[in-house]
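User: I would like to learn how to read the strand pairing in a model of this kind. Could you take me through it step by step?

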Amino acid sequence: MIKIDDNANISPICSIGQVSLMDFPGKISLMLWVGSCNLKCGFCHNPTLTEGSTQRLTYETVLEAVEKATGRDWVNGVVISGGEPTIFTGLYRLITEIKKLKLAVKIDSNGTRPTVIKDIKNILDVKDYIALDYKIVSSEYNKLTGDIVGDRVLLSIDELRQSTIPYELRTTIIESIHTPEIFRQMMGEIKKQDKWVLQSFSNKHPLLKKEFQIIPPTSKEYLEELHKIAKNKGYNIGIRE
Ligand code: SF4
């Protein structure tokens with residue numbers, strides 16, 4: 001799914017979120033959300049994203065909100081999240097316009113469009129950040145996302161390794177799916193220098209697929225067990241609460 005922006009005034013953004021101290025390491029950031037995604041992850045917390053939001057804001061509206069937040073809330077960064085930002089052709093323009101305001105940009109991506117990751121590397125720099133989902137070992141991607149996209153995600157990760165842009169890989173751990181055996185296979189695809197963050201699966205919110213809704217939340221103990229396995233082998237791994 002690629003969202004061609006046929007109206008030059010319409011940005012990829014469907015809603016402007018809160019100022020956040022948590023979402024962009026070292027920055028006070030304004031959250032911007034895109035309203036569509038090209039995957040259908042069973043554990044997605046925002047099922048409406050996979051249907052695609054009809055609402056899109058103009059560049060003018062988005063940039064005005066960014067400028068206001070900069071003056072008012074000491075914002076020095078913008079997070080573009082979703083949904084999947086890389087499916088929108090307007091992403092390049094949006095990043096360029098935000099960077100003209102001297103703000104750092106973080107992109108949250110599912111990593112399925114390596115050519116876009118390669119292209120946006122040209123407009124991001126060391127002040128910016130990319131957080132890429134690495135959901136499971138590449139051969140098992142279909143089970144979680146409904147699509148055979150693992151190889152594309154690995155290509156995106158390679159693109160990040162060949163850049164100076166700070167990045168992290170994020171994995172939501174589901175105990176019954178990310179078994180120690182699967183986790184060890186994932187370690188085979190991650191390089192020790194990759195910053196890798198584990199986070200717990202939760203079923204508190206409505207999820208896209210019913211079969212995921214009944215899976216128990218991942219315990220802190222299990223997350224720590226996997227963390228220890230990788231840490232002991234020298235991986236640059238952390239846990240996000
Ligand atoms: S979890 Fe992320 S990648 Fe998966 S469907 Fe939801 S928004 Fe898309």
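User: In which sense do strands β6 and β7 pair, and over how many bridges?

Analyst: Strands here are DSSP runs of E with at least two residues, helices are runs of H or I with at least four residues, and both are numbered from the N terminus; two strands pair if DSSP finds at least two bridges between them. In this predicted model, local features need pLDDT of at least 70, side-chain atom pairs count only at pLDDT 80 or more, and totals for chains, interfaces and linings use all residues. Residues are numbered from 1 along each chain as its sequence is written. Strand β6 (residues 167-173) pairs with β7 (residues 196-200) in the parallel sense over five bridges, with T171 opposite L198 of β7 and R170 opposite V197.

User: Which helix does the chain pass through from β6 to β7, and what is the hand of the crossover?

Analyst: A crossover is right-handed if, with the strands pointing away from the viewer, the path from the first strand over the helix to the second runs clockwise. Here the chain passes through helix α6 (residues 180-189), and this β-α-β crossover is right-handed.
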